[in-house]
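Please set out the overall dimensions of this protein model, and then describe a few of its strands, turns and individual residues with the cut-offs behind each term.

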Amino acid sequence: QQGEVSNTPEAHDQSYLCPVTVGGQTLNLDFDTGSADLWVYSTLMPTSEQRGHSVYNPDSSSSSNAQSDNSWTIQYSDGSGASGTVYADKVVVGSVTATSQAVEAATSVSSAFIKETHNDGLLGLAFSSINTVQPTQQTTFFDTVKSTLAKPLFTAHLKKGAPGSYDFGYIDTSKYTGSITYAHVDTSNGLWEFTASGYAVGSGSTVATPYDSIADTGTSLLYLPTEIVAAYYGEVNGAMYDSSQGGYTVPCDSNLPDFVAIIGGSRHTVPGSYINYAPISETSCFGGIQANDGIGHSVFGDVFLKSQFVVFDGSNSPRVGFAKQ
Ligand SMILES: N#Cc1c(N)n[nH]c1N1CCCC1
């Protein structure tokens, strides 16, 4: 099988949500290549926390089977988290069906999620080795269906301020220009982890330096080594590190330079306008590039990914591919 599902950006392209049917019930989920749990808001949560969300009711699904011995709890690096119990149920993404997918029904969700009223949960697309279900670890939707797909891959086509798509099982050549360049993926941390080999700021010269990175659709910004971030904002008049905001800010009327990442031996350019992320005040805007201090690797999040067509190749030699949209 193969199929396409639309994604729709939240404000500032902070996240991208896709309609998914779980046990015949449609929820809007954040497809996240940085985690490996499919969890949903559910009727098992306090009623007050369900308000404003579409929720999964396992009792009203004709295909749900409780996995009563299993439970889950997940913590994300931004401090948000959720926990709950597990069911097996039918999950449909576009036209791709997982007849018996582990659906992690939340009993508790952190406040950071509750206020995102369009987000009804996550669909993890990292490797199943980091799925949090215990005592019996479960597979991601992609791993569940992979053997039934025409090709063992999915693609991400995220756009700036407009709907895009995720495709499962095929590469739609109409969604990119030029060629796709690939980088080998190291799966030892359960992530789509690769090594970028350099960078350039605007029309500046290319700096050859390797930096360990992940492709993460569930992260909004582009997190890079501190020296690269300093080199970037050093080219922006009025840019500053504002500890009260927790990162670099720029004047909102800045004409920001492009950022070029060298991956797979090719140049991949983020337009400078994408790096003016969101207003903080009348004149100050939060930068879309920030330092990766404390993360342990660089994170190519949505600020970067929405400039590219991205292939997540889950074959026996996993790799990520990037092409210009
Ligand atoms: N923090 C964080 C994070 C990440 N690194 N990948 N996905 C994340 N989230 C998905 C929903 C909330 C956070």
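## Basis of the values

This is a predicted model, in which local features need pLDDT of at least 70 and side-chain atom pairs count only at pLDDT 80 or more, whereas totals for chains, interfaces and linings use all residues. Residues are numbered from 1 along each chain as its sequence is written, and side-chain values use heavy atoms, with hydrogens and water left out.

## The chain as a whole

The protein chain has 5 helices and 24 strands, where helices (H or I, at least four residues) and strands (E, at least two) are DSSP runs numbered from the N terminus. A compact globule of 325 residues would have a radius of gyration near 20 Å, and the protein chain agrees with this because its own value is 20 Å; the radius is taken over C-alpha atoms, and the globule rule is 2.2 Å times the number of residues to the power 0.38. Along its principal axes, the C-alpha trace spans about 60 × 40 × 35 Å.

Of the 325 residues, 54% count as buried, a term that means under 20% relative accessible area, with exposed meaning over 50% and partly exposed in between (1.4 Å probe, protein chains only). Among the contacts in the protein chain with a separation of 6 or more, 66% come from residues 24 or more positions apart, a contact being heavy atoms within 4.5 Å. The chain exposes about 13,000 Å², and carbon and sulfur atoms supply 47% of this area, as computed by the Shrake-Rupley method with a 1.4 Å probe.

The protein chain carries 12 positive and 30 negative side chains, and the centres of the two sets lie 9 Å apart. In this count Lys and Arg are positive and Asp and Glu negative, while His and the chain ends are not counted; each charge is placed at NZ of Lys, CZ of Arg, CG of Asp or CD of Glu.

## Strand β1 and its partners

In a regular strand the side chains alternate between the two faces of the sheet. Strand β1 (residues 3–9) has a covered face made up of G3, V5, N7 and P9, and an uncovered face made up of E4, S6 and T8. On one pairing, 5 bridges join β1 to strand β10 (residues 164–168) in the antiparallel sense, with N7 standing opposite G164; two strands pair if DSSP finds at least two bridges between them.

Strand β1 is also joined to β2 by 2 bridges, again antiparallel, and P9 has Y16 as its bridge partner in β2. The two strands form a hairpin with 6 residues between them.

Most residues other than glycine have a negative phi, and most peptide bonds are trans. H12 counts as partly exposed because its relative accessibility is 46%, whereas D13 is buried at 5%.

Elsewhere, the peptide bond from Q134 to P135 is cis, with omega near 0°. P135 is found in the loop between β8 (121–124) and α3 (141–145).

## Strand β12

Strand β12 (residues 193–201) is largely enclosed by the rest of the structure, because 7 of its 9 residues are buried.

L17, in strand β2 (residues 16–22), is buried because its relative accessible area is 6%. Not counting residues up to four places away in sequence, L17 touches S6, N7, T8, E10, N28, L29, D30, H118 and N119.

T219 lies in the loop between β13 (207–215) and β14 (222–224) and counts as buried at 16% relative accessibility. With residues up to four places away again left out, T219 touches V299, G301 and D302. The C-alpha atoms of T219 and D78 are separated by 9.3 Å, although the two residues are 141 apart along the chain.
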